[in-house]
Amino acid sequence: MALTTDISLAVLATLTKDLDLGVDPSYPLNYTNQVQLSSGTSAGQSDLMFTDQRTIAASGTDDLDLAGGLTDAFGATLTFVEVTALIVKAAAGNTNNVVVGDDATAPWTSLLGADGTVTLRPGALFAAVAGVADATGYAVTATTADILQVANSSSGSSVTYDIVIIGRSA
């Protein structure tokens with residue numbers, strides 16, 4: 001099975017200011033960046049992909065075991081040794097926040113550290129992508145540092161989020 005990945009980020013923005021006599025200067029920004037990964041397990045490559053839309057009960061957690069606890073779209077068990085891209089998007093209709101990171105048992109620490117979290121308010125998006133020259137990616141250590149926790153920040157309602165994990169098996 002082969003995996004090719006093209007991850008793109010584009011920011012198109014225009015800053016304007018109202019001045020006298022109808023003169024409105026502007027500063028346009030057209031920033032794009034792209035990472036292309038071919039199929040494999042070396043720098044600039046990936047061979048595993050997990051995608052899902054998930055829901056977490058009020059005050060609940062979703063522990064994603066990166067080393068053997070997830071399956072791909074074809075039902076194959078995934079054992080990430082390195083993560084090359086992580087994208088998490090909180091649903092806009094959420095009431096509570098989605099909190100990514102900081103599992104107490106075996107936290108996946110190479111991206112956010114042992115205690116780090118990212119809080120995604122409703123509709124927010126978080127992405128981390130290893131560069132094409134990066135032969136290490138974000139390391140996963142089976143059993144001791146392989147749990148990516150996604151949590152619901154509060155009680156009262158569930159939260160939904162989309163997740164994409166791209167990585168390497170070796």
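Q: What should be kept in mind about the model and its numbering?
A: Residues are numbered from 1 along each chain as its sequence is written. In this predicted model local features need pLDDT of at least 70 and side-chain atom pairs count only at pLDDT 80 or more, while totals for chains, interfaces and linings use all residues, and side-chain values use heavy atoms, with hydrogens and water left out.

Q: Which residues of the largest nonpolar core touch the most other members?
A: In soluble globular proteins, nonpolar side chains tend to be buried together. A nonpolar core here is a set of buried Ala, Val, Leu, Ile, Met, Phe, Trp, Tyr and Cys residues joined through side-chain atoms within 4.5 Å, where buried means under 20% relative accessible area, exposed over 50% and partly exposed in between (1.4 Å probe, protein chains only). Among the 27 residues of the largest core, those touching the most other members are Leu-66, Phe-80, Leu-86, Ile-163 and Ile-165. A second, separate core of six residues includes Val-35, Leu-37, Ala-85 and Ile-166.

Q: Is Leu-29 buried or partly exposed?
A: Leu-29 counts as partly exposed because its relative accessibility is 34%, and its place is in strand 2 (strands are DSSP runs of E, at least two residues, numbered from the N terminus).

Q: Where does Gly-116 lie, and what does Gly-116 touch?
A: Gly-116 lies in the loop between strand 9 (98–100) and strand 10 (118–120). Not counting residues up to four places away in sequence, Gly-116 has contacts (heavy atoms within 4.5 Å) with Val-100, Gly-101 and Asp-102.

Key:
Helices (H or I, at least four residues) and strands (E, at least two) are DSSP runs, numbered from the N terminus.
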